[in-house]
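Have a look at the picture before reading on.

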Amino acid sequence: MENLVLDVIATGIGATAVMDVWGFSQRRFFSVPSLDYALVGRALLWLRHGKWVHCPIMSTPPHKGETFVGWLIHYVTGIVFAALLIMLTGKTWLYQPTLAPALLTGMLTLCFPFFIMQPMLGFGIAAAKTASPARARLRSLMTHLVFGMGLYFTALVLSWLK
């Protein structure tokens, strides 16, 4: 059980790191902006003050520790999504990973930004209130598919190390 928990945590962290490398590469080589996780931290820290929706988050005053909280929640969310994949597929997937469940998980995780985070940040459901909703949705889809690839590749590497 202990190894299973550590492997799920490692898979979530690895997949999230793969997604972050994708985002950094997009920004560095193609000038594609990515989400500033400090804004996620800001939104979450403002929950304590009863502020659930921002119009948009950039107009909400910064909160001390928002960058740390944003990045922490980003990685914790990756771990939770990895755990959900294992709960749905069984622990065997973790040691004999296949691509389809990982990609499907990546696609399903789109529900979180589309219906929770983007509305909370003031960007509307599925980025409807952004300057280019279709482009934002496509970028989110690509990023979450990369997360799914990260789940697969991280589990594959872990299985080779066993």
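## Two helices that cross

A helix axis here is a line fitted to C-alpha atoms over the stretch in contact, and angles between axes run from 0 to 180 degrees. Keep in mind that this is a predicted model.

Now find helix α2 (residues 37-46) and helix α3 (residues 66-89): they pack at an angle of about 100 degrees, and their axes are 6 Å apart. Since angles of 65 to 115 degrees count as roughly perpendicular, that makes α2 roughly perpendicular to α3. On the α2 side, the contact is made by Y37, A38, V40, G41, R42, L44 and L45. On the α3 side, look for E66, T67, V69, G70, W71, I73 and H74. Sort the residues of this contact by type and you get 8 nonpolar, 4 polar and 2 charged.

## The nonpolar core

The largest nonpolar core has 25 residues, and I86, W93, L94 and L151 have the most contacts inside it.

What does L151 touch, leaving aside its neighbours within four places in sequence? Its contacts are T11, A15, A82, L85, W93, A102 and T105.

## Rings that meet

The count of aromatic pairs comes to 6. One of them is F81 with F147, an edge-to-face pair at 6.2 Å centre to centre, with 75 degrees between the planes. F81 sits in helix α3 and F147 in helix α7, 66 residues apart, so to speak a link between distant parts of the chain. Both F81 and F147 are buried.

Elsewhere, ring pairs join F24, Y37, W71 and Y75 into a cluster.

Methods:
Residues numbered from 1 in each chain as written. Predicted model: local features only at pLDDT ≥ 70, side-chain atom pairs only at ≥ 80, totals over all residues. Heavy atoms only, no water. Helix = DSSP H or I, 4+ residues; strand = E, 2+ residues; numbered from the N terminus. Parallel < 35°, antiparallel > 145°, perpendicular 65-115°, else oblique. Contact = heavy atoms within 4.5 Å. Nonpolar A, V, L, I, M, F, W, Y, C, P; charged D, E, K, R; others polar. Core = buried A, V, L, I, M, F, W, Y, C linked by side-chain atoms within 4.5 Å. Buried < 20%, exposed > 50% of the residue type's maximum accessible area, 1.4 Å probe, protein only. Phe/Tyr/Trp six-rings, centres within 6.5 Å; stacked < 30°, edge-to-face > 60°.
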